[in-house]
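Please read this briefing alongside the sequence and the structure, which follow here.

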Amino acid sequence: MAERTLTVASTHGLHARPAALFVKTVTDSGHTVELQKGERAINAASILGVVSLGVNHGDEVTLRVQGDDDEAVLDQLATFLEKDHDA
Amino acid sequence: MMAAATNANLLQGVGIGRGTAVGPVIRMPDPVPQPADTASERTPDEEAQRAREALTATATQLRQRGESAGGTAAEVLDALAMMAEDPALAADVQHRTEDGATAEYAIHAAMGSFRDMLVGMGGYLGERAGDLDDVAQRAIAHLSGLPAPGVPESETPFILVARDLAPADTATLDLELVLALVTTDGGPTSHTAILAREKGITAIVGASGAAALQDGDIVLVDAEAGTVERDPDQERVDLALQRTATLEAIRAQSSGPGALADGHAVPLLANIGSVDSAREAVARGAEGVGLFRTEVLFLGAEKAPTVEEQAATYREVFAQFPGQKVVVRVLDAGADKPLAFLTDQGEENPALGRRGLRALAAHEEILRDQLTALAQAAAGSDAIVQVMAPMVSTAQEAQYFRDLAHELGIAIAGVMVEVPSCAILADHVAQHADFMSIGTNDLTQYTLAADRLLGTVATFQNPWHPSVLRLIETVGSAGAAHDVPVGICGEAAADPILAVVLVGLGATSLSMSSSAIADVRAELSMHSLDDARRLAALAVSAESAEAARAAVLGAIHP
């Protein structure tokens, strides 16, 4: 399992369009991914789960990826979260 | 109902605008009934299977619609599809079917719990909560063999018949294909009517008889007469289309400032709420702004924006109207648009509560800040800036507001006449106001004691009602006697024929959605002030709104 903690860069956090794009990236990877903010961790393939975390700009979140090639998938997802998609 | 509705094929409603349209009906499916929480007669496995299948089918259908729509609609529909096949939702649904729920109820309840969570988070997410209802309704419709809810799809132009349209429906409506809108519920201030007016779509609202129309029926929609006619004669169709063509020709020729046939000037102003709508108003030939709604700048804010923030926005709007009048309505927090920092919570009867100027007087610092910001923005602008107070019910309130505005550097301050007491005592109010502006939507709501947001009493919300017209006449006379201008800034001014009547009652300027200006300008140019007064006299002496309108139309087209 690969794990990383990072800061979300998107101006409007992980809502609506950026959330949908993120979940799409997760499901396309075919890996089991967990997203955690504070105490709460959710299945990152669930748009309702991701949206319900209420991730805002500048929030610290932790990503956990399981499966082959987990480091590469983690890199891809981390890059996504560290980019401002509303810019 | 009116006498005209004797023919079973002729349905009566309230016309929006004055266009005509002929075409086939497509009905908007009624909302899917809410599934009951009854024990399933199938096994939990069967129900789980049904639920999975329905959600997958819904996701596929949404994606297909998205692909054919393209652009932003595709993104929105794709996000909905993701909700339909969401693993967290699937787990919740599965859990409920295991407990013996039907697939329908499991989907309904699971979506409901996610929706409540989103609503609880507020803001943008709260606004998207309705999307979940949409997804659930589609899946439940699939399970029940009902047509999918929402705007039906068509490749060819059609006349949309619906109970009423919600904002979500109109967002996905392809206006290019909609020849006309017909609703069975809702009145002239319903969302459908407002949309139709804004976009210039021919519409009839509140035509209860239209519930009997079927997909594929050919109908003639005549907004001026307020009728929907099934299987019309070719002769009637030709006549209607010819009249529309004539009107369009007149409209195309009319330009410049608003005036009656005898040259009597009636400035045509725009109702705006943002910098964008200000630009639109300029493009459509508005001679200024009769109602600048400032709530939009504040909605969703936890506290009032600072004087500097406000002044910057006001400056942008004023810059669009050099040398012209811009009438700014100070914050109108109310029943339909509460503001966290201004609206009292838990009023049983918010339309009759501490709203409008009453709320501002209770939080005077907010009013002072807004007037200060307006004065600052006005000082550096070429626009003629005036302010007015909403929901004024007494002469004392008018005096309070004008004194405060003058103290803070705004020279022209008036009142909105929306409360009957203010209209009845207009001769006193006029002595404490630099102008009066009649808000016909609220004046109608308060005169007929009918909540303008409540569909079941929508038929009362008709500004043609002689009781409303008599109050307007009282204000018009008081304005003339005291040399105080009387404007109209409700939806009534956007109805071209009613606009003529309003001028006859003493209105000196008319303010409306800018899309209505061309039609109103064209109609005014066909009547003299004497004509307008004669028509007004007919309207105020009628027994009902329908009779008033019929009498005026009869006099114009004998």
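A:Phe22 counts as buried because its relative accessibility is 0%, where buried means under 20% relative accessible area, exposed over 50% and partly exposed in between (1.4 Å probe, protein chains only). This is a predicted model, in which local features need pLDDT of at least 70 and side-chain atom pairs count only at pLDDT 80 or more, while totals for chains, interfaces and linings use all residues. Residues are numbered from 1 along each chain as its sequence is written, chains are lettered from A and ligands numbered from 1 in the order in which they are written, and side-chain values use heavy atoms, with hydrogens and water left out.

**Aromatic pairs**

- Over all chains, a search of the whole structure finds 3 aromatic pairs, meaning rings of Phe, Tyr and Trp (its six-membered ring) with centres within 6.5 Å, called stacked if the planes are under 30 degrees apart, edge-to-face if over 60 and tilted for the rest.
- One of them is the tilted pair of A:Phe22 and A:Phe80, at 5.8 Å centre to centre and 45° between the planes.
- A:Phe80 is buried as well, with a relative accessible area of 13%.
- The rings of B:Phe292 and B:Tyr314 form an edge-to-face pair, because their planes lie at 85°, with the centres 6.2 Å apart.
- Both B:Phe292 and B:Tyr314 are buried, and ring pairs link these two residues and B:Phe318 into a cluster.

**Partly exposed residue**

- B:Glu98 counts as partly exposed because its relative accessibility is 49%.
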